[in-house]
Amino acid sequence: MDVPSDYEARLMNQLLDQFNLTQCISEPTHIAGHTLDPVITRTDDTIVTLANSLDHIDDFSYHFPIKCQLYFFKPVNSNHIIQFRNVKKIKPAAFSRSIEMDALGHSSISFDLIVQHYSDECKTVVDLHALLKSKCVSIRQSYLWFDCKLKCTCTKQRKVEDRYLKTRLPENRLVYIILRSAVKSMAGIKKNVLPIMNHGCSW
C-alpha cells in the first residue's frame with residue numbers, strides 16, 4: 001500500500017479514490033516493513049480518529065496488531081407525551097347506569113345546545129369510568145429491516161408465547177418454537193440486507 005512503484009498498490013489506491021475511500025494506516029504493519037493491513041473508511045467520514053500499528057508483541061504472526069480509536073454517536077431517543085384511557089376496566093353495567101342517569105331531558109332547548117350537552121355528558125361519564133391519563137414514552141430509532149411483516153410475526157410470537165405460558169400445552173409450545181425460529185431467521189436475513197434507516201447514527 002505504501003510503495004508507489006508497485007502495480008497492485010497503485011491499482012488499490014486508484015480503487016479507493018474511485019469510490020471516495022481512504023486508507024488510515026500510514027505505518028508499517030509487517031515485520032519486514034510496508035503497510036499490508038489497511039483500515040479503510042469513507043473519505044468524508046470521521047469515525048476513525050486514530051489508527052496506528054503497535055509494536056510486534058508475539059512470535060506467532062509476522063503482522064503487527066492495529067489499534068484504532070473510533071468516534072461513535074449513540075442516538076438519543078426522543079420523548080413523546082401520549083394520552084390514553086384504560087377502557088378495558090370499564091364495567092358495562094355501571095357504564096350503562098351512568099348513561100341512563102344522565103339521559104337528556106331538555107327537549108325545549110335548541111339543537112346545538114342539545115348536541116353540546118350530550119357531548120359534555122358523554123365526556124363526564126367516560127371520565128368517571130376511564131379517566132384520561134398521560135404518560136411519557138420514548139420514541140426509538142427506526143430500522144428498515146424491522147418492517148410490517150416482521151412486526152406482525154413478532155406480535156404473533158408473543159401471543160403464542162403467552163398462550164403457552166398459560167396452558168403449558170405441547171401443541172402451543174410447538175407453534176411458539178416455530179414462530180420464534182421464523183422471527184430469528186427473518187431478522188437475520190433483513191439485518192444483513194437492509195441498512196439502518198438513519199445512516200448518520202451509529203453506536
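**Salt bridges in their setting**

Modeller: Read from the N terminus, the elements of the protein follow the order α-β-β-β-β-β-α-α-β-α-α, that is, five helices and six strands, where helices (H or I, at least four residues) and strands (E, at least two) are DSSP runs numbered from the N terminus. The model is a predicted one, in which local features need pLDDT of at least 70 and side-chain atom pairs count only at pLDDT 80 or more, while totals for chains, interfaces and linings use all residues. Residues are numbered from 1 along each chain as its sequence is written, and side-chain values use heavy atoms, with hydrogens and water left out.

A salt bridge is taken here as a side-chain nitrogen of Lys or Arg within 4 Å of a carboxyl oxygen of Asp or Glu, and by this rule the count comes to three. One of them joins Arg85 to Asp127, with the closest N and O atoms 2.7 Å apart. This pair links distant parts of the chain, since Arg85 belongs to the loop between β5 (78–84) and α2 (92–101) and Asp127 to helix α3 (residues 111–129), 42 residues apart. Arg85, at a relative accessible area of 27%, is partly exposed, and Asp127, at 22%, is also classed as partly exposed; buried means under 20% relative accessible area, exposed over 50%, and partly exposed in between (1.4 Å probe, protein chains only).

Asp127 also meets the side chain of Lys123 in a salt bridge, at 2.9 Å from N to O. Asp127 and Lys123 are four residues apart in helix α3, and so about one helical turn separates them.

The remaining pair is Lys190 and Asp147, whose closest N and O atoms are 2.9 Å apart. Because Lys190 lies in helix α5 (residues 170–193) and Asp147 in the loop between β6 (133–139) and α4 (148–167), the pair ties together parts that are 43 residues apart in sequence. Lys190 is buried, with a relative accessible area of 19%, whereas Asp147, at 25%, counts as partly exposed.

As background for these values, buried residues make up 16% of the 203 residues in the protein. Among contacts (heavy atoms within 4.5 Å) between residues at least 6 apart in sequence, 58% join residues at least 24 apart.
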